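Reader: Hi! Could you walk me through this one?

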Amino acid sequence: MTTALLKTLGILTKPVREAHSSDGQNTQTTLLSALQRNLSELHEHLLAGGELEEARQLLEEVRREITWVCSDSVDLTWIFVQECLLLLLSLARHLTHLLEVFHQNPVVPTPGTPEAAPPLSPDVLSVVQQKILATVLQFVVTLGLCPYLAPGVGVALGLRSTFGAEVEAAVRRDVAPAVERRLLITTNVLLEVSKLSSLATPIFTRHLGDIMAALCQLAYRPHRPDGDGTKNHKGLTVDERKSCKEALHNLLGKVYQPIVIKELLVLQGGPKQASSVSKGVCAGGKALTQAPPWLRRLCGQLLSERLMQPHGVQAVVRGILESTGADGDSDWRKCDAVAKILAACPQQSLSAESYYSQVCPQVLELLHFKDKLTAQQFQRVATRAALTMVQDRPEFAHRFLLGPLFSPLHRCTEETGNDPSQDAVEEWELTRCIEDIYKICVVGNSPSKVLMKALQDVSPTLFSLFCFTKHNVSHLRTPCHEILIWCLSHSERSEALSLLKRLCGLMGEVGGVKHGFHFSPGSDGGAKLSVEEQVSDEDDALYEKVSGEQWKVQCLVELLGEMKDNDLPGEFFLLLLENLTAMAGEKEKEQEVDTSSMTLLELEHHLLERASGHGQTLALLQTLAIVCEGLPHTLLLRKPTQVVGFVVSMLQRACVGLECGADSPVESQTLSMGIGLVATLLSGAAELSPDDYLSMAELLPPLDQISQQHPEPVIQELASDLRATIATHGAYRPNTIPTAARQHRPAQTASRNPNTHPTKPLSSIPHTISHKTLAGQQTSTHSLSSENRPSPLVPTSPTSHPKHATETAPRVSTHSAEPKPGHAGGSVLPSQAFSECLLEAYNPDVPTRAVALRSLTRFCRDGDKAALQNKDKLLTIFLENLEHEESFVYLSAIQGLAVLAEFYPEQILQRLLAEYHTGPREGSPKRQCSLETRLKVGEVLMRASRAMGDLAPHYGRQLVGVFLNGTRDEDSSVRASSLSNLGELCQLLNFSLGPLAQELSICLTALIKTDREAEVRRAAVHVIALVLKGLSDKTTQVLGDVLLELYRALKWVVRSDPDDVAVLHAQLALEELDDVMKRFIFPQQKLEKKIVVLP
């Protein structure tokens, strides 16, 4: 009988074969006539009997049992809907009866092979039958449910299609039964039919939103006035509205929650202030309507209930983000919007505390998904939500979010019981904790006071774990390193310095791990906290303690060495010098303490404090020694204020010695160095600005003290003169200062007259201080290194137009003469040929200038001594000639810069990268020229990359970073140049390209799909081809995680890109990838015999 019932449904929904008219009235007439004809044909088939006799009897039985059939209705559409509903109820009742019989009398399968299929359930429908059922459901919803929804409730038929508006016009709402009654009947029948699983699937997969809209209107729509009092306008009873509420909540509870969330968001409608212009016009010609206030409030309440349920956060996130697509590109705006929703406590919540106590643990769970696409989106949402909570609700975030987040690290320092096994922390806990902290702090990169305080509390434990990973191969090393760097970089300066002192043991024990425990290797490459085996020998225990403290200081210095663009290493170094000066004063005071009048208890306390002080002094000296040995002077003293601070520390140290009456070689050398540096700064070796003089005001008090307390009159007079020069900002400069400066300068600079040579800015002074000078606070041998001080043998190249080169030529030739006779030190001056080339490099004659540049390039390639000493000046000359309009000149300059970068990559590459990174400034009169210069610098970088060879992986990361940044330039030529350089460089990186693969893939994919310029898209595709060609058989190992994205990008270009050249590049890249994969899947067979020697 199932076939007969579905046949009757097919007769009822048989399509009309005639062509429809374009006139709206004719379309409605055609629709109504088709419905009338199908109804008549159905009645004829039922009265004819035959195979439909059983179906007719069941239909009549169902008709007699129900009470909502309106036999006197004149609305043809409702009559048609009634027949469809009756047939659906008949089908559901028949299938239910068949299932009951099937379960009561299970069919024994026929003995056969083990692969025999089990008996098929009787409620399973064929594909044709499912299609008929879907058509009937569409008629029921279109004619019996959607037309009766209030304006703004759900999506109107007129907004779904043009024909939907005609259907709405065909429905008569002014006749019996009432509109609300029709909606209630249709909804109840659909819910009753959906109790059968085979019928519920097509109902809820296609019409869930319409059913939810109908239930919301029936249960929660406010009562309307009685109207004209007729029967047609009579509303629902209280019991009916209550049953609709229960049906709605039951439906929301059993359907997949992300789908429920999505449908509730659709019902909630768009923003309140959206106009029809901003929303657009639908296919039916009507603007999108706004949801009524009661429905918006209801949907908000239901969404809040879904959110606060177990796994509600995941359901909300999935419901909103599942529609973003599966192409790997996340909708970041949508992720941020979801994060803001999660971070805000809804009004329907009982209390903010209960809300955050339920939501925060679920937010942390979003960080632990393994699926690539899901993890990328969920982590973005979780990170932004966590940071927003910390920013807006710090009290709740600290309790319910940061507490569980940092809990494993806190457990490493806190003892929870007498059983040591309970205090241990498993490997998976530490791994998850570190990964979560990395995602929220480093990836989120939104520091706040609460977050920084919580992170600083666990920094000792995190640092101890980092020191442990430095001893082993662990995947936790990199995230721990990045977290610590981020913490130090974003903390307040005073807090960062205090944390550094704590980590290096200057404020007592470093801590980090509770007593009797230590970190040990885990089975999965991580670390775990376990019980430490006690060392019986005291000497071994002391050795392990001392070596462990030294290792921690070395690890800390390594962290500071990574902060190349931060002033924290220099300030920490100056803080250590200040502490050393303070400890020197305390040491002198300790000698004056009288212990004869102390009691035994006081004496014991005094001795313990003295021993503790000695330990702090040793820790300070050890830290200072490792800092001076492990960090370059260019990092420790990178700012003029830090140079001044360094000199202040030396003078204060000398003042402490004067106060205590100490006269040791160390103190004398310290004072000599300090006064010599001040005299060098003030004698004209540095070009001092008013701000520099203001920073040097800190030197006035120690200089005043030296001028009054030093026993030697010469030192007193010199200190007084230096103090007067600083106070008058250089207006008063006695002759004693240049004399003292010459005595403390290296031999190379002493022979030059500072009054006739250009001066250096004060920012260059840090580069003149060597490691011996930095270590001079602890050793007795202090001197300024002549090797690290730049010695410009010719004046700085003129920055004006080259036509003024003839004016500067006499000055250059004068100062490039032979050294004065009798000079003891004497520096190696440039050869005559080199000096002539320097002069001719500014010759206005183009051939002469080009030949000079070629000659200078040859001097660099041959390792000429004069060229080595003047590489900074050569760099300036080549960079200035890049802007020349003649190709012969600027190509020679490009060749010279490439040679310089090949021989001195450490110094030259940094300058070239800075020139390439700096774009043309707005309002500059040479905007086009600056753009051309950047392109020429890009050519230099490309040639330098080719010449690096095996050194390419060492400098590749900073090069790749600058080139990737160049792909975001507003000018298409710079973007194409950056991509070209990127392709040349990536061919040489080999396995070093692995950590950069994700960034490279995202950049190239985005440019291929979004850039409007064809040359940029060609360059991006060409980069992929060059990378595949350079990696060859290593492609699957290096690009394994992004190979699929790159393949899809290439296929997209072949299918969709309008540029033929880009398509050709993509085809070549696909051929290269095809060869790589063939060699990977079908490796070359080698006839080898493996010989194994048995034990």
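Reader: How does α13 pass α14, left-handed or right-handed?
Author: Helix α13 makes a right-handed crossing with α14. A crossing is right-handed if the near helix is turned clockwise from the far one by less than a right angle, and left-handed if anticlockwise. Helices here are DSSP runs of H or I with at least four residues, numbered from the N terminus.

Reader: Which residues meet there?
Author: From α13 there are V313, V317, I320 and L321, and they meet K334, C335, V338 and L342 of α14. Contact means heavy atoms within 4.5 Å.

Reader: What classes are they?
Author: The contact of α13 with α14 has 7 nonpolar, no polar and 1 charged residues. Ala, Val, Leu, Ile, Met, Phe, Trp, Tyr, Cys and Pro count as nonpolar, Asp, Glu, Lys and Arg as charged, and the others, Gly among them, as polar.

Reader: Good to know! Is this an experiment or a prediction, and how are things counted?
Author: This is a predicted model, where local features need pLDDT of at least 70, side-chain atom pairs count only at pLDDT 80 or more, and totals for chains, interfaces and linings use all residues. Residues are numbered from 1 along each chain as its sequence is written, and side-chain values use heavy atoms, leaving out hydrogens and water.

Reader: New topic: where is H311?
Author: H311 sits in the loop between α12 (293-307) and α13. Its phi is near 60 degrees, a positive value in a residue other than glycine.

Reader: And is H311 buried or exposed?
Author: H311 counts as exposed because its relative accessibility is 59%. Buried means under 20% relative accessible area, exposed over 50%, and partly exposed in between, with a 1.4 Å probe and protein chains only.

Note on methods:
Helices (H or I, at least four residues) and strands (E, at least two) are DSSP runs, numbered from the N terminus.
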